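Have a look at the model first.

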Amino acid sequence: MRKLKPSKKIAKNKTLKISVCYIVKNESRNLPISIESLQKQVDEIVIVDTGSTDNTIEIAKSYGAKIFECEWNNDFSTPRNLALDNATGDWIIFLDADEYFPNDSGKNIRAIIEQADKHDKEGLLVNLVNIDVDRDNKVMDTTYILRMYKNMKGCRYHGRIHEELRKSDGNTIGKVTMIPTNLLELYHTGYSAKINMDKARRNLKLLLAELEVTNHPENVYGYIAQCYNGLKDYPNAEKYAILDIEGGRRDTTFASSSHRILLNLLAKFPERIDDRIKYVQIAMNQFPEIPEFCAEYAECLASKGNFVDAIPLMEKALKKYETYKGLEPMLLTPKMAEGARKRLELWRRKVNAKN
């Protein structure tokens with residue numbers, strides 16, 4: 001592990017000092033886009049390279065970055081913590097190289113962080129927009145994620161993969177606030193059919209290795225379910241999704257993922273409607289704010305001809321959709337909501353016809 005000298009210094013600001021951190025490997029294509037989207041708002045760029053064979057390091061140096069090399073040991077927390085050890089900012093922004101702030105929105109970063117610091121916040125949740133580069137940059141989903149936080153002594157990342165940031169007392173960062181999407185969003189371009197499969201294979205290997213040694217397997221069940229689902233190994237995806245669900249709602253990004261995986265799988269088998277109803281009720285109990293689960297329960301009941309109970313559930317789901325402000329991603333689109341309204345009217349007509 002050695003430090004490489006940067007080629008130039010970054011201009012220092014007189015207010016809060018902000019550091020942006022990356023861990024990279026062969027990111028010569030993505031890194032400039034990411035850095036340039038926020039460069040004027042930060043005082044320090046810290047980059048940990050885990051074995052690049054292209055010109056990633058030279059590019060990083062051209063932006064005045066502090067560069068460190070770290071041998072890859074199949075553990076994402078190691079390079080992340082090395083970056084934290086060498087970041088001197090009052091606040092940290094930790095990005096992946098394939099993430100960037102679009103449409104010049106990065107200009108709002110410093111004002112947002114200064115406002116959060118003034119109100120004694122510890123972290124900021126930014127809306128992450130996942131884009132499929134193989135399908136004309138189609139938006140796949142969005143979710144709020146912690147990418148900016150106070151540089152607090154003792155904060156460390158834990159876990160080989162899908163690593164979690166925890167304070168010195170072992171707790172997650174608590175005093176957080178959401179950044180309005182009209183002020184700032186973060187685009188993630190690391191998704192495509194091929195990239196997803198490659199990532200799923202890599203991640204599954206790391207997660208299964210962690211499962212063998214961890215004292216908290218409940219922390220990895222959901223991520224394993226995601227990998228198996230991405231690899232189309234549906235029996236194992238179902239197995240680990242259920243294990244995750246049985247542990248209750250977790251305090252993590254996209255905590256509802258296992259519910260969505262399981263319900264999508266069960267929907268493929270009409271003969272398993274009772275299992276689908278069982279698990280959609282659990283999903284509604286654990287995530288009462290999410291409109292899709294309420295809507296899916298209504299659809300299940302309607303499929304069994306129970307329109308009387310399905311109608312108020314769908315009405316409730318649509319009301320939740322119109323007012324949703326939760327942290328969990330809402331996957332109900334305007335087109336889907338319109339389809340739900342049409343089915344709702346059909347159900348009402350059927351009930352009225354019987355009466």
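For the charge count, Lys and Arg are taken as positive and Asp and Glu as negative, while His and the chain ends are left out. On that basis this predicted model carries 55 positive and 50 negative side chains, and the centres of the two sets sit 3 Å apart.

Now for the overall build. The chain folds into 12 helices and 12 strands. Its radius of gyration is 22 Å, close to the 20 Å that the globule rule gives for 355 residues, so the chain is as compact as a globular protein of that length. Here are some whole-chain values:

| Property of the chain | Value |
|---|---|
| Span of the C-alpha trace along its principal axes | about 80 × 40 × 40 Å |
| Buried share of the 355 residues | 48% |
| Accessible surface | about 18,100 Å² |
| Share of that surface from carbon and sulfur atoms | 50% |

On to the rings. There are seven aromatic pairs in the structure. One of them brings Phe94 and Tyr157 together edge-to-face, at 5.7 Å centre to centre with 85 degrees between the planes. That pair ties together distant parts of the chain: Phe94 belongs to strand 5 (residues 91-94) and Tyr157 to strand 9 (residues 156-158), 63 residues apart. Are these two buried or exposed? Both Phe94 and Tyr157 are buried. Elsewhere, ring pairs join Tyr221, Tyr228 and Tyr240 into a cluster.

Note on methods:
Residues are numbered from 1 along each chain as its sequence is written. This is a predicted model: local features need pLDDT of at least 70, side-chain atom pairs count only at pLDDT 80 or more; totals for chains, interfaces and linings use all residues. Side-chain values use heavy atoms; hydrogens and water are left out. Helices (H or I, at least four residues) and strands (E, at least two) are DSSP runs, numbered from the N terminus. The radius of gyration is taken over C-alpha atoms; the globule rule is 2.2 Å times the number of residues to the power 0.38. Buried means under 20% relative accessible area, exposed over 50%, partly exposed in between (1.4 Å probe, protein chains only). Accessible areas come from the Shrake-Rupley method with a 1.4 Å probe; for residues, only the protein chains shown count as cover. The place of a charge is taken as NZ of Lys, CZ of Arg, CG of Asp or CD of Glu. Rings of Phe, Tyr and Trp (its six-membered ring) pair if their centres lie within 6.5 Å; planes under 30 degrees apart count as stacked, over 60 as edge-to-face and the rest as tilted.
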